[in-house]
Structure formats: C-alpha cells, structure tokens
Number of protein chains: 2
Amino acid sequence: MATIRDVAKLAGVSVATVSRVINQSGYVNKQTEDKILESMHQLQYTPNTLARGLANKKTDSIALIIPNITNPFFPELVQAVEDAASRYGYTLLLGNSYNSEENALQYVQIFKNRFVDGVLIFASHQFDSKDVSEIDKIEIPTVVIDKALDNNQIFSAKNRNFTGATMAVEHLQSIGCKHIAHIRGPEKLYPARERFRGYHDTLQKTGEFRSSYVEQGDFSMESGLAATMRLLDKHPEIDGIFAANDLMAAGSLKALQRKGKKVPDEVALIGYDGIHLLEMFEPEISTIAIPIYDIGNAAVSVLIDQINGKESRFGIHSNIMDEFDVQLIQRASTIKTK
Amino acid sequence: MATIRDVAKLAGVSVATVSRVINQSGYVNKQTEDKILESMHQLQYTPNTLARGLANKKTDSIALIIPNITNPFFPELVQAVEDAASRYGYTLLLGNSYNSEENALQYVQIFKNRFVDGVLIFASHQFDSKDVSEIDKIEIPTVVIDKALDNNQIFSAKNRNFTGATMAVEHLQSIGCKHIAHIRGPEKLYPARERFRGYHDTLQKTGEFRSSYVEQGDFSMESGLAATMRLLDKHPEIDGIFAANDLMAAGSLKALQRKGKKVPDEVALIGYDGIHLLEMFEPEISTIAIPIYDIGNAAVSVLIDQINGKESRFGIHSNIMDEFDVQLIQRASTIKTK
DNA sequence: CTGAAAGCGCTTACAG
DNA sequence: CTGAAAGCGCTTACAG
C-alpha cells in the first residue's frame, strides 16, 4: 500500500505538497500538481483515512444506530439516511442495538472512539433523560431521532401522531365503518399514547368511543394478531380496525383471515407507519405514512450542521421536528367492494 | 477527552507502561497497574481506536457489505454475522451496495482505507471473476459469501440448492400434489439454476415434467405474483407451486388469494430461503430454510482466520462451503385440511 | 518491571 | 508556491 511519502518521492516533492493537492488546500503550481496526480495514479495511491482522521479529527463518516434491523421500518430508514449522508459526502456506518439502550450507548462510545464525526440514534423504547445525559457526556455530535419519548430536548420525529390517528379513524368512518376498534401500542411510548388519543378524541366527538374496543399490543405482529382475536371474540360487530403500527396491522389481517372475516367488506383495516411490507398482503393494507425519507434527510442535515459547528459542538441537538406531514395511503383494505 | 499521556502523568508513569496495562502485554508491577487503572477510571479514559489502528494496523472491526438492506433476507444475515462478530470481539460495520457491484467495490475500498481489518461481501448478482480480481487488488482480507456465482475460487454458500429444491418438490408430492409448477429465478444466477434443476430432475423421474409449468421470475415479490397469474391462466389444474425464493412465494400467495384459490387445499405453496417474513401470512408459507445463522458464523470465522494470518494474508479466501444442510419447514401452506 | 524514542500516515502552521 | 518539522494518540522494540 502506497503512502503519501511514496508519492512525494516519486513526484520529487515534499509530503506537505502532496497533502495540499489531496486536500485542494493552499496553492500549488499546476505542473507540480500534475506531476503529483500522475504519481498518485501510478502508485494507485489512496489516502489512509485512519491517519487522516488522527491528524484531522475528522473522518467524513457518521454512524446510525438502530434498535432492530429485522423490524422492516428500520431498513427503510437506513435507506433514507444513507442517501442523505452520501449526498453530503459522508459514509454511513450502521450499528444494531437490539432494542437495548445499553448496547446503543456502547455503540456511541465505540463509534466515537473509533472514527465517526457524529452519530444518529434512533431511540428504542427505553431511551430516557438519563440516557440523554450519558450521551451528552460522550461529547460527540449526536442527533436522536425519537419516536419513543416526549422530550422537547430532543430532535424529535413526532410525525404528528395525533393528526395521523385522527385521519385514520375519519377515513374508516368515511367508508362507512360504524364499529371501529383500535389496537394500541404500549402506554409508555409517546406515539402509542398520541395515536390512541387521536382515535379516542375522534370517536368521543360523536359519542361512539367504547373502551372495550381498544386492545393492547406491543407493536409486534404477534401482538396485533392476538389483539384482533380478542376483539373479534368480544365484539363480532366490529367493522373497522385501526392498528397503531403496520406490523400490528399485518398481524391483524392474519387474524381476520383466520377468522374468515372478509377484508374490507366485513372489516376494514388500516395501519400506521407506511412501510412497504403492507403492500405484500392480499388485500394490500392501508396506512398512515410517516415521511421516513424526509425525516432521515432532516436528521442527517441537522447532524452535519452540528458537526460543522453551526450548532453547539457537542451533545444532543434540541430541535423539534414536527414539521413533516403524515399521509393517508388508501389501499384495498379500506376500499369497499360493495 | 483524556489521552494516554494524561493517564501516564496522573499515575506518575510513562505512556509505555500505561499502554502495557491497556493491552495486558508485557510485565507490570501490580501496584503500578492498580495506580494506572485508578487513573484511567478517574479520567474516564478510553483509548482512541483511531490512533491505535494507526500504530497497530488493526482495529478489531470488520465490515459486511450487503446488496440490499430492504430485502428481508439480509437483515437476518446481518443479525447472524453481527452475533458471530461480537462473539469474536469484533465490531461490525455495515455497508449497503444497492445491488451495484461498483458500490460494493467502492465500499471495500472505503472500509479498507478507513479502518476495518477485513470485509465480508454478500455478492449481488453481478459479481464475476473480474470483480474478484478487483477485490484481490485491494489487499484486505475478504470473504465473499456467494449465492450468485458458481465459482470454486470463492467461499461459497451453495447451501445445497439442488437438494433443497428436490426436498421441496418431493414434499409437495407427498401431500398429494399432482400438477406442480415452478417459479424460477434468473438464468444467470447459480442458485436459480440449481433450484430449477432440482425441480426438473425430480419431476423428470416420474415423467411429470412439463416446461410450461415453469415461469420466470426475478426473485422479487412482484415477479412471483405475475408469474403465478400467468400459471393460473394457462394451467388452472395446477395444485402445487414451488417458488425459488421466499419473496416470490409471498407474491405467489397474493396472486392465489386474488384469484380465489384456496391455499393449500386447491394449491399448495412452498418457498425457499427460510426468512421469517413467511410466517406473517395467512396461511403461513412453507419453505426450505437455508441455515443463515450457520453461514454467517462460518463466514466470520473464516474471515478472522484470514485476518490472523492462519490463511493467506490477503485476498479472497477460497473455501467451498457446501456443508450446511437446508431444512424443510412445513407450515400451513402445505398442510392439507382435507 | 519500566522508560525514552521511533514510528504508524497524515495535516498544518511557520518560514522562506 | 514549497518544504522542514511538530503533532494527532497510540504501540513496540530496545535499553536498562
């Protein structure tokens, strides 16, 4: 592997000059530059980013820590973040925390220690303000994309949970559903609470809210299936289900089909998140789509501002991100055929 | 951020000694060690891996390059590789090549240049021997996990495609299917060819092979759906479908349901790969499971041997990996109810 | 058992 | 416009 010294020797200049052409910094004679470029090419030289990082304190790489790569939401987020990062000239490194805040914190340390200029964390449930201060201590530019916590201190992808839930319920009403059930997420999660509130308030207005139409899930497919089974047993009259996320909606569909309910004519179904998975089913399932792409992009952009010192150098950026509209995506599961 | 120098000063020793306790190398007096440990703790010192890598030429990290994070097969592979890597004390970094061999090669270069000790590449379709020699030139320990290419030079996860396909067809026969169709993958892909061959040879034996029972797909869900539509139009008598991968099986189920075919009683269905996605459907879809976990583990272990110089220092390890048995996973899509 | 010193491959004031 | 030299934070022979 050729080093900057080899290039300098071949070109008959000093390493400083070579460094200048690599970084396009300072002045360098055109002929000298050509000679250096030629030598670099000849030696197939590529700078060692490790050494560069040491000298520079900068590696042009950022890390994204996700809670669970096998949850289909995250690959889609990864894609968005990766696109944005590469547009800014950053390489994206990934870490998978398996839903453990301890692992996530460890990854922040690892990445910080190793090479990255900043880190993006998608908060898993357990993130709380203690963790936030832990991260603060690590002193690396960090942006937490947060679905899980109601904390204004954090750059928060609130994605208008309340509004979206309202849209979902009103959509079910608009296609004629009279008995709308809800499979909610865990009490401790902010989006779950907000989505429930959207459901509750909308039905309350018309006096149709019934607490036994609400079943508890944990955002997993299995819980959506089980919740739907319970709902159907208790309330065979149910003709619409709003699941608080897409994975539970998938489970719900499975339960409905297993029970022989026709979707959407007997029971209409809608999820929340907008992952592509829902297009795989027959019928395809409607959803309230979070603008994952925009969120990923905004998170990267905020992080990079922080890295470049446009914001406080270290710690967690505190910016509310409630600016992205969710969108109703109507598919066959809410298009009545009769 | 504290450096080794700060620790040395606080403990009243030289940096060399501190380095020794960090690396547990050479002898150091117990008292001295305690004093140093104490100082490290007090300063919250963690070694800078960048500097360490520079001095060491080693960072205890490896990279995995996957073709497409949004294909559910890969998150499962990532999980397996990550587990194995962490068991060996390595951190895993991920890169996503979007099915482009150019991107993959670039990632190898980036990772090499930046920090990793070795790289694992899951070959996307386009990998050929030219790419292999490109990688060879980069001179970094590399293991290619290869589904796509019939090349003995490469550590190849052949996963017994032929055997698995035979198992799938025989399974369909054993539950009474008489008209078994196949949705095959692209001609240029080795596993697609092998799976087709397994299908072909098995039916040929009993004289049941009919070429019009074979439809072409490209391993995507959409293609599985379209292929099934064509099959059903041409041959309403079909009562069993073997899809060459799970994604196409998912698409096939969607088509069958759309056409009102009862699965499995009218048409039984089986996929190939063993990703968890297939459990989400109603009915759950049977499959031939590749031992993703074992493959990930073996790939990591081979790579680490290579890093440690137990194998040729650089380039691509040439080891055939055809040692892992595939496994039939029978689910509702092949359990006749009457 | 411990320290001084060179070196890993780069960058960046500072002189010239 | 260019080079010598110090420095980034570590490791590792080499002496002692």
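A salt bridge is taken here as a side-chain nitrogen of Lys or Arg within 4 Å of a carboxyl oxygen of Asp or Glu. The structure is a predicted model, in which local features need pLDDT of at least 70 and side-chain atom pairs count only at pLDDT 80 or more, while totals for chains, interfaces and linings use all residues. Residues are numbered from 1 along each chain as its sequence is written, chains are lettered from A and ligands numbered from 1 in the order in which they are written, and side-chain values use heavy atoms, with hydrogens and water left out.

**View 1. Salt bridge between B:Lys259 and B:Asp233.** The closest N and O atoms of B:Lys259 and B:Asp233 are 3.0 Å apart. The pair links distant parts of the chain, 26 residues apart: B:Lys259 lies in the loop between α11 and β9 (268-273) of chain B, and B:Asp233 in helix α10 of chain B. Helices (H or I, at least four residues) and strands (E, at least two) are DSSP runs, numbered from the N terminus. B:Lys259 counts as partly exposed at 40% relative accessibility, whereas B:Asp233, at 54%, counts as exposed. Buried denotes under 20% relative accessible area, exposed over 50%, and partly exposed in between (1.4 Å probe, protein chains only).

**View 2. Salt bridges of B:Arg210 and B:Arg184.** B:Arg210 pairs with B:Glu237, with 3.8 Å between the closest N and O atoms. B:Arg210 is in the loop between α9 (190-205) and β7 (214-216) of chain B, and B:Glu237, 27 residues away, is in the loop between α10 (221-234) and β8 (240-243) of chain B. B:Arg210 is partly exposed, with a relative accessible area of 39%; B:Glu237 is also partly exposed, at 31%. In the other salt bridge, B:Glu187 and B:Arg184 have their closest N and O atoms 3.4 Å apart, and B:Arg184 counts as buried at 8% relative accessibility.

**View 3. The interface of chain B and chain A.** Here 48 residues of chain B are in contact (heavy atoms within 4.5 Å) with 47 residues of chain A. The two chains bury about 4300 Å² between them, 58% of it on carbon and sulfur atoms; buried area is the accessible area (1.4 Å probe) that two parts lose on being put together, summed over both. There are 4 salt bridges between the chains. B:Lys254 forms a salt bridge with A:Glu284, the closest N and O atoms lying 2.5 Å apart. Elements giving two or more residues to the chain B side include α5 (73-87), β2 (91-96) and α11 (246-258) of chain B. The largest share of that side, 7 residues, comes from α6(B).

**View 4. Protein residues around DNA strand D.** A residue is near the strand if one of its heavy atoms lies within 4 Å of it. Of the 26 residues around DNA strand D, A:Arg20, A:Thr32, B:Ile4, B:Ser19 and B:Tyr45 come nearest. α4(B) gives the most to this surface, with 5 residues. Among the atoms of DNA strand D within 4 Å of the protein, 67% belong to sugar or phosphate and the rest to bases.

**View 5. Phosphate oxygens of DNA strand D beside B:Ser19, B:Arg52 and A:Ser14.** For B:Arg52, a polar side-chain atom lies 2.9 Å from a phosphate oxygen. A:Ser14 places a backbone N or O atom 3.0 Å from a phosphate oxygen of DNA strand D.

Methods:
Polar contact = N/O pair within 3.5 Å; in protein donor to acceptor, adjacent residues only side chain to side chain.
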